[in-house]
Amino acid sequence: MTGIDLFAGEGPRLFTIPPGRGFVGALAQGLANAFPDPAQLSAATVLVPTRRAGRELATAFAGLEAGAALLPMIRAIGDVDADDPPFEPGELASLAADPVSTARRRFELAKLILAREESADRSMGVGGALALADDLARLIDDLATEDVEDLSALSDEIRAALPAHMQEAALFLDIVLEAWPARLDERGETDPGRRRSALLKALAARWRAAPPDGPVITAGSTGSIPAAAALLGVVSRLPQGCVVLPGFARDLDDRAWAAIDDAHPQCAMKRLVETLKLDRKAVKFWPGFAERTADAPRARLIAEALRPAEATADWLNRVDTLKKALGGTVFEAALKGLSVIETPGPADEARTIALALRETLATPHARALLVTPDRGLARRVSVEMQRFDVTLDDSAGTPLSDTPPGAFLIRILDAALDPGSALGFVALSASPLFALGEARGPLAAVLNRLERRALRGRRPGDSLEALYDAAMDAAGSDEALAERWGGVISATSDALGGFADPAAERHAADWARALAQAAETLARGPEQSGAERIWAGDAGEAAAGLVAEFLHEAEALPPLTLTAFRQAFLETARSRLVRPRYGAHPRLQILGPLEARLIDADRVILAGLNEGVWPTGGVADPFLSRGMRLAAGLSAPERRFGLAAHDFAQLACCREVILTRATRQDGAPTVASRWLWRLQTLARGALGDDRAAALMAPATDYLRLARALDAPAGQSGIGAPSPAPPVDARPRQLSVTQIETWIRDPYAIFARKILRLEPLDALDREPGPAERGQAYHQAIERWTRSLPDAVGLPGDALERLIEQGRIALAEAGFPESRLGLELPRFARAAGFLVAWEAARRSDADNLHRPVAIEAKGEIVIDAPAGPFTLTARADRIDLRPDGALDIIDFKTGAAPSQKEILAGFAPQLPLEAAMAARGAFAGAPSHEAGDLLHVRVSGGRVAGDIRSAVKAPGTQEPVDMAEGALAALQDWIAKFDDARRTYPSQPRVKFVNQWGDYDHLARRKEWASAPADEGGEA
């Protein structure tokens, strides 16, 4: 060997590459220097933690200045296979059986859980069993990873000391101890974790007995897995073997080293070094890293910030020590290239990160990494990058349920489960994969028209036939439209024929087969088969794989209803991640902390640094308490904090690092990650608050740029809208209720009458207050019309009114399940109404005769821009004994206050009185009003009440109120007949509607803190 001798001296031989030095790049360069002969390099075996690390190492070799003609054999410790080198094919066939697939294990465990619950005379759904199966699988993997062979240490005494709920959960351990191993033996398979540990142990034993001829280097592993740690120990003692640790703190002071616990970044490597009986000072720096180079200021700062809690009491002394040892400006040097950005919320954080990533691309060949365990934040950033036409390489992938094929399959199941749901049909047909043999563009236009005209509003019914009937009713006499809509619904119904009986219990394979057939039928295009469209691409292949699992591996599950199958399918799809293989940007990546720690980049963004996110919050083991885990030989739950801290420490030492967090999440304040808090606290203690804040501020104000990104050019903020349309475009006819809207919210009239924008009803809207009010009005109208024009009421008046209420409520769409609540409520209101009506018919001298019921009327008002028509529909007008008219409005909700009526903000009754005086309503004489009454019939605790709009007898007569309202309306019309008059959005703060149909269009939330004027000139 003519290069650097990595294997000098006796083993164990351990090296370390300091954090922030580009681990795989330094490793590749060191190996190239050690083995300058390509034949020597190609004879070496390099074991790395993950496949991604292996790909990065191969790329690093290719990027060396001298290049690498031949590469060493690179293998991932976590994916070692008995049929791949360094094993010979078939060499270890008898050591471990084939691994059971993840899907098969999940289904088999669910079967065992269901059997156990049945034996205990308890019932559990398949969805709950699958969720518990996932938890049991994690426990099985923990036992395999940490090399725990059994749980015999968990004695009956230990279990008996547990709380009752933990004792119940611990009973599931019998599945892990007995039922599951027996089932694996039946199938001739083993758990993947057990197989991996067995293979690593076999490899260690083989190399211990017969060292390989070529060099062996394990790099990047911390030895946190016992089987891997044993292999590292063997490799470190091979004649041509060594171990390269990532960021080992060999120079940590003795007090801090002694205090290292499970939550410390160095915990796993300390355990490895002590197991090898090696002094930590004997761990050498990797060739090319002298001690003074490795002792970089940033690495020392991060190491001090993450000191064990017991060793932080002398932080100030450590600050003085570091300044003396490394220079007075060591902290300024450590913070060079490190910045902290705190944003108000996740949206700002994502946009800020996107800008920093996009800026990196301005530098040729520069590479940036976003590292975060927060999947929600990662998705937000991916979406933000789309504005720059950049697709990020996200290593975690996207849940299959969020991809077009996965969502399409789930929507098919939703539509099959609830075929009468307009929402289910619209969600299914909105998928880009829904084609029915047609081109998607023209079909989408047909579907959009069908949705808006036929399916919005109340739920059509309980079947696709009900959807068909609703479409036919909406199409009316348009036969071509009816045929088009009917064809789409009929074709969908035929495709879903395999789900004819959702309540039937069938095998999962039968439901999966029906799902695949329906998907291929619905996805068929004009030139492509449904299979070619839905199963294509990365997400399509993953969807096909998931369906295949239910077809071929789910026979362990009992027969399922479609509801149970849908739940099982959905949960599995959510846990199945799709990673795109092509199309991502080569210089930008989103990585998890584990896979990113060995990768070098010009800029690293560590995001989501809030407590509970990074590090993640504690997840309670549903089967083992902390004491039980320790008694069984499993690691303490907090050990994962140490592994996560090591990942953070490695990444925080890179050349340029941006640390980000959102100060609020879902409206609540967040707590900064313990690591970020420690880092900021140490920096402030060493430099002072102002100096530390200045050094950790980014050179570019990304947050300011992010907020300005979507702001209109030359506009600092959004103001209240003030449209001023031409007078000839303004409405010349409004109803009295629309007049009230016009006075309170002119912008709503502008949107509805001038822009002709109608609010869309919700899909499958449940009957609510509006439908209740319509039903009450209809019942009262029918009942009143049936009454004789005479003194007194029939003896069965109350029963007749209640029956009319029952009919009207059913017609309004209230199902039988809700009529049990609605009818007693109406009965209370009916009792009030009958008593009120009886009082108005008590004798001939007090007979109030209804002369107009639900009567329509209109008058024409002269205005500067031409005649203006005022329309109304009066609930009821009664002729009083004195010849005057009572104008009556029935209310099921709150009636306007007298103050609102007198101020002109609720002019309905006064305007109806003015119209009645002019003979606008058929059947009602042209008499003046005697009273204006709001009759509230809520049916609540107070069944009803009567409220007169007249302020006080003798103070303001109804006729004066009516004529005053009409005069005010004439003045209002004249104002808006001026082209300079604008239509502001709810200008009067005191009388703002709580929910305006057009508030989102007016963007009220963006400017409403500064109220607009009542209206002004354009």
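These legends walk through several close-up views of a predicted model. Residues are numbered from 1 along each chain as its sequence is written, and side-chain values use heavy atoms, with hydrogens and water left out. Because the model is predicted, local features need pLDDT of at least 70 and side-chain atom pairs count only at pLDDT 80 or more, while totals for chains, interfaces and linings use all residues.

**View 1. Confidence along the chain, given as pLDDT (the predictor's confidence in each residue, from 0 to 100).** The chain averages a pLDDT of 87, and 91% of the residues score at least 70. Over residues 1010-1018, however, the pLDDT is below 50. Where pLDDT is low, the predicted coordinates should not be read in detail.

**View 2. An open sheet of 6 strands with parallel pairing.** Strands are DSSP runs of E, at least two residues long, and helices are runs of H or I, at least four, both numbered from the N terminus; two strands pair if DSSP finds at least two bridges between them. The order here is β3-β2-β6-β7-β1-β8. At the edges stand β3 (73-76) and β8 (284-285), each with a single partner strand, so one side of each has no neighbour in the sheet. Further in, β2 (residues 45-48) and β6 (residues 216-219) pair over 3 bridges, and V46 has I217 as its bridge partner in β6.

**View 3. Two aromatic pairs, F550 with F565 and F648 with W675.** Rings of Phe, Tyr and Trp (its six-membered ring) pair if their centres lie within 6.5 Å; planes under 30 degrees apart count as stacked, over 60 as edge-to-face and the rest as tilted. A search of the whole structure finds 20 such pairs. For F550 and F565 the centres are 5.4 Å apart and the planes at 75°, so this pair is edge-to-face. F550 belongs to helix α26 (residues 537-552) and F565 to helix α27 (residues 562-575). F648 and W675 have centres 5.1 Å apart and planes at 25°, so they are stacked. Helix α30 (residues 639-652) holds F648, and helix α31 (residues 674-687) holds W675.

**View 4. D889 in strand β22 (residues 885-891).** D889 counts as buried (under 20% relative accessible area, with exposed over 50%, partly exposed in between, 1.4 Å probe, protein chains only), at 4% relative accessibility. Leaving aside residues up to four places away in sequence, D889 touches D875, Q908, L909, L933, H934 and V935; contact here means heavy atoms within 4.5 Å.
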